[in-house]
Amino acid sequence: MQSTPSQDSPSTDLVGQSLWASLRDAIRGTNADYTRIPLRRAVFLLAVPMVLELVLESTFAVVDIFFVAKLGASAVATVGLTESYLFLLYSLAMGLAMAVTAVIARRVGEGKQEEAAVTAVQAIIVALLVSLLPAIIGIAYARELLQLMGADAWAIEHGFRYTQWMLGGNAVIMLLFVINAIFRGAGDAAIAMRVLWVANGLNILLDPLLIFGWGPVPAMGIEGAAIATNIGRGVGVSMQLWILFRGGQHIRVLGSQLAWRGAVLWNIVRTSLGGVGQMLVAMTSWIFLMRILASIGSEAVAGATIAIRVMMFTMMPAWGMSNAAATLVGQNLGAQRPERAEASVWQIGWYNMGYLVLVAVLFFLFPRAILGIFSAGPNVIAIGAEWLRILSYSLFVYGWWMVSVQAFNGAGDTTTPTWINVVFFWLIQIPLAWYLALHLDLRETGVFWAVFVSETSVGLFTLWLFSRGRWKAAQV
C-alpha cells in the first residue's frame, strides 16, 4: 500500500500540517497506511469521518422523532415498539458488521487486498440471507407483533403499516451496516461517511413531505416516515455498491470475485456469532425494558423513546471515535503491532471521556429544555427528562466502555463482550428494572435507575478486562 510522503509518511503529523488540511484529508479519504503513520494522525483520519457519519445518522433519528411526535404519543410509542423489533435486526446487522470490520481490517493490515475483497462479497451474501425471514414475518404479522409488545389500540389499528415497512425493508438496514463495515475495516471511513450523508439527508427531506403531505403528495402519517426511511437507505445502498465495485482508496470488488466461497463465508459467520450474540443480549434487554414501560403507559414509552433518540444523537460522536479504535486495533494486529493497537484505544478513550463529560453536564442542567423540543406533553417531557438526568451520572464511564468493547470487537474477540452483556444486561439490568419498576412501584424511575446501575458496572468491568490484554492473541 503506497502513500505520498507529503501526506501520509510517518514523519507527518497534525502539527506538521494545518488542521484544515488534515480535516480535508479525513473527509476526502486518503490511501494512508494506518499501521505506520503517526498514531494521532491515524486516529484523526479515521475518527473524523466516522464521527460525522454517525452525527448525521443520529440527526436523522432526532428529526424523524420530531416530526412523528406531532402525530401524538401513540405514534411515538408505535415507533418505539417497532424499534424494539428493529433492535433485534440491528443486533444481527451490527454483530455481522463487527465481524466484517475485524476480518477486513486484519486482511488489509496483512496486505492481502484480494482476500479482503472476497470477504466483502461473502459478507453481502450473508446480509441478504439473514434479512429474508424477518421481512416475511414483519409484513405478515405486523399487528400481532405490536400487540405482543403491549401497543395501544391506535398503534395496532393505524401504526401497523409503519411496522410493515420498517421490518419488510430490513434488507437495506442489513446492507447499509455491512457494506459500511467493509469500508471502515479497509480504512475507507470517508466513503462510509458520504453514504450515510446521502441516505440520511434524503430521509430528512422526505420525512415532512410524506408524513404531512404537500401539493400532489398525500399526507401518509406515520407510514410516510417509514417510506422515507426506506427510500433514503435504499439510495444509500445503491451508492455503496457502485463505489465498492468502482473502487475506494483501500478496497475494490471485481466481477470475478462474485462467487460463493463457503470457507470465507463460514469464517465471517463464525466470527460474527459472538458479535450477534453480544448485540442480541443488549437489544433483547432493551425489549424487556420497553415491555415494562409499556405496562406503565404510552407516555412512559414515548418519553423513553424520545430520550433514547436524544441520547443517540449526542453519543454518536463517541461511537464514531470508538469505531476508529476497532479499525486501528484490527489493522495493527494484522501488521503485528499490538502495542500500537493498545495505545490507540487508550488515546481514543480519553477523547471519549472528555466529550461525554460535556454531554453529561448538558443532560444534568437542561433535560426538560431538551425534551421540550420534541414534545409538548408535560408527562412525556418529565419522563424523558428524568432519564437524561439519571443517564448523566454514568456517561464518563460509558465512554470508556464504548472504546474498550470496540477494541475486543476489532481484534475479532466478540465472545468476551457477549458474556459480559449476558451478566450485566440479562442477569442484572432486567431483573433489577422489573423489581424497582413493578415490585417496588417506582414505575419508569425504577427502569432508569436499573439502566444506570447495569451500564456503569459493565463499563468499569469491561475496561478492567481490556487492560489485561488477552484480546491481543485473538485470531480471525
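In this predicted model, Arg-443 is partly exposed, with a relative accessible area of 38%. Arg-443 belongs to the loop between α18 and α19, and its phi is near 55°, a positive value in a residue other than glycine. A second residue with a backbone of this kind is Asp-441, which has a positive phi of about 60° although it is not a glycine. Asp-441 is likewise placed in the loop between α18 and α19, where it is exposed, with a relative accessible area of 55%.

Helix α18 spans residues 415–439 and helix α19 spans residues 444–468, and their axes come within 8 Å of each other while crossing at roughly 160°. Because angles over 145 degrees count as roughly antiparallel, α18 is described as roughly antiparallel to α19. The crossing in which α18 passes α19 is right-handed. When the residues in the contact of α18 with α19 are sorted by class, 16 are nonpolar, seven are polar and one is charged. Within helix α19 lies Glu-455, a residue that is buried, with a relative accessible area of 14%. The C-alpha atom of Glu-455 is separated by 29 Å from that of Asn-200, the two residues being 255 apart along the chain.

A further helix pair is formed by α3, covering residues 39–69, and α14, covering residues 338–365; these pack at an angle of about 60°, with their axes 10 Å apart. On this basis α3 is classed as oblique to α14, and the crossing of α3 and α14 is right-handed.

Aromatic contacts were then considered across the model. A search of the whole structure finds 16 aromatic pairs. One of these is made by Phe-66 and Phe-67, whose ring centres are 5.4 Å apart and whose planes stand at 75°, so the pair is edge-to-face, given that planes over 60 degrees apart count as edge-to-face. The two members of this pair fall into separate accessibility classes: Phe-66 is partly exposed, at a relative accessible area of 27%, whereas Phe-67 is buried, at 16%, the cut-off for a buried residue being under 20%. Elsewhere, ring pairs link Trp-346, Trp-350, Trp-400, Phe-466 and Trp-471 into a cluster.

Arginine side chains are also found over aromatic rings. Arg-143 lies over the face of Phe-160, at a distance of 3.7 Å from the ring centre. In the case of Arg-389, the charged end of the side chain sits over the ring of Phe-364, 4.8 Å from its centre. Arg-389 lies in helix α16, which covers residues 378–392, and it is partly exposed, with a relative accessible area of 34%.

Arg-389 and Leu-362 are 27 residues apart in sequence and 9.0 Å apart in space, C-alpha to C-alpha. Leu-362 lies in helix α14, and at 46% relative accessibility it counts as partly exposed. Between Arg-389 and Ala-189, by contrast, there are 33 Å from C-alpha to C-alpha, with a separation of 200 residues in sequence.

Although Arg-107 and Ala-335 are 228 residues apart along the chain, their C-alpha atoms are separated by 9.2 Å.

Conventions
Residues are numbered from 1 along each chain as its sequence is written. This is a predicted model: local features need pLDDT of at least 70, side-chain atom pairs count only at pLDDT 80 or more; totals for chains, interfaces and linings use all residues. Side-chain values use heavy atoms; hydrogens and water are left out. Axes are lines fitted to C-alpha atoms, for helices over the stretch in contact, and angles run from 0 to 180 degrees between N-to-C directions. Helices (H or I, at least four residues) and strands (E, at least two) are DSSP runs, numbered from the N terminus. Angles under 35 degrees count as roughly parallel, over 145 as roughly antiparallel, 65 to 115 as roughly perpendicular and the rest as oblique. A crossing is left-handed if the near helix is turned anticlockwise from the far one by less than a right angle, and right-handed if clockwise. Ala, Val, Leu, Ile, Met, Phe, Trp, Tyr, Cys and Pro count as nonpolar, Asp, Glu, Lys and Arg as charged, and the others, Gly among them, as polar. Rings of Phe, Tyr and Trp (its six-membered ring) pair if their centres lie within 6.5 Å; planes under 30 degrees apart count as stacked, over 60 as edge-to-face and the rest as tilted. Buried means under 20% relative accessible area, exposed over 50%, partly exposed in between (1.4 Å probe, protein chains only). A charge sits over a ring if NZ of Lys or CZ of Arg is within 6 Å of the ring centre and within 35 degrees of the ring normal.
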